[in-house]
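Me: Could you walk me through this model, giving me the rule behind each term as we go? I've got the sequence and the coordinates open.

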Amino acid sequence: MIIKSLDQLNSLSKKVANHIEESDCIYLIGEIGVGKTTFTRYLINYLQEKEGLKMTEIPSPTFNLLYEYDFKKFKIMHYDLFRIKKKKELQNLGLFFDEKKEVKIIEWPILLKTPKLSKLEIYMNFTKNNDERKINFKGTGK
């Protein structure tokens, strides 16, 4: 699928948001600047709006590694593993605990040595046109 605008990326994030459930895991895979955090921002803000919550700023967790967002049925844990170099650094992030009331969105999951079996992988790639992105899905999240 080719995404040609931020509006289309926003629409796609809403479709994914409408299907996520507690304990789902979403891997966002792609180069720096391809739109992983923007996709996550749209998804979280849509869920906040849908639940009547105050829409918050959704910053990239590149330096903090993790941001948490509370919803009625679950919590979203937004991870960015770009700066992680050793498996030992992952131990304190809670990635390997299967919490029933958490949805995990993980940028740069390629750095995980223990793959999560139940996940939706979203691959985002640049195209020849800098304003477009090619997006592919793998898995179902179940």
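Predicted model: local features only at pLDDT ≥ 70, side-chain atom pairs only at ≥ 80, totals over all residues.

Me: Which residues does L66 contact, leaving aside its neighbours within four places in sequence?

Reply: L66 sits in strand β3; strands are DSSP runs of E of at least two residues, helices are runs of H or I of at least four, and both are numbered from the N terminus. Beyond its sequence neighbours, L66 is in contact with P61, M77, H78, Y79 and L93.

Me: What is the order of the strands in the sheet?

Reply: Two strands pair here if DSSP finds at least two bridges between them. The sheet is open, has 7 strands and shows mixed pairing. Reading across, the order is β1-β7-β6-β2-β5-β4-β3.

Me: And which are the edge strands?

Reply: Look for strands that pair on one side only. At one end, β1 (residues 2-3) is joined to β7 (residues 133-139) by 2 bridges, antiparallel, with I2 standing opposite K134. At the other end, β3 is joined to β4 by 5 bridges, also antiparallel, and Y67 has H78 as its bridge partner in β4. The edge strands are β1 and β3 (66-70).

Me: Over to α1: how far apart are its end C-alpha atoms, and what span should its 12 residues give?

Reply: The expected span is 1.5 Å times one less than the number of residues. For the 12 residues of α1 that comes to 16 Å, and the end C-alpha atoms agree, being apart by 16 Å.

Me: Within what arc do the buried residues of α1 fall?

Reply: Buried means under 20% relative accessible area, exposed over 50% and partly exposed in between (1.4 Å probe, protein chains only). By that rule L9, L12, S13, V16 and A17 are buried in α1, while D7 and K15 are exposed on the face turned away. Taking directions from the helix axis to the C-beta atoms, the buried residues line one face of α1 because they fall within an arc of 140°.

Me: What do those buried residues pack against, and which residues does S13 touch?

Reply: The buried residues of α1 pack against β1, β2 (25-30), α2 (36-50), β6 and β7. S13 has a relative accessible area of 0%. Not counting residues up to four places away in sequence, S13 touches F39, Y42 and L43.

Me: How far apart in sequence are the parts that K101 and E22 tie together?

Reply: A salt bridge needs a side-chain nitrogen of Lys or Arg within 4 Å of a carboxyl oxygen of Asp or Glu, and K101 and E22 qualify with their closest N and O atoms 3.6 Å apart. K101 is in the loop between β4 and β5 and E22 in the loop between α1 and β2, so the parts they tie together are apart by 79 residues.

Me: Which residues are linked in a network of salt bridges?

Reply: The count of salt bridges is 4. One of them joins E68 to K75, with N and O 3.2 Å apart at the closest. The network links E68, D70 and K75.

Me: Are K119 and E121 buried or exposed?

Reply: Their side chains meet in a salt bridge at 3.4 Å, N to O. K119 has a relative accessible area of 15% and E121 has 10%. K119 is buried, and E121 counts as buried.

Me: How many aromatic pairs are there?

Reply: Rings of Phe, Tyr and Trp (its six-membered ring) pair if their centres lie within 6.5 Å; planes under 30 degrees apart count as stacked, over 60 as edge-to-face, and the rest as tilted. The count is 2.

Me: At what angle are the ring planes of F71 and F74, and those of F82 and W108?

Reply: F71 and F74 have ring centres 5.9 Å apart and planes at 50°, so that pair is tilted. F82 and W108 have centres 4.9 Å apart, and that pair is tilted too, with planes at 55°.

Terms used:
Residues numbered from 1 in each chain as written. Heavy atoms only, no water. Contact = heavy atoms within 4.5 Å.
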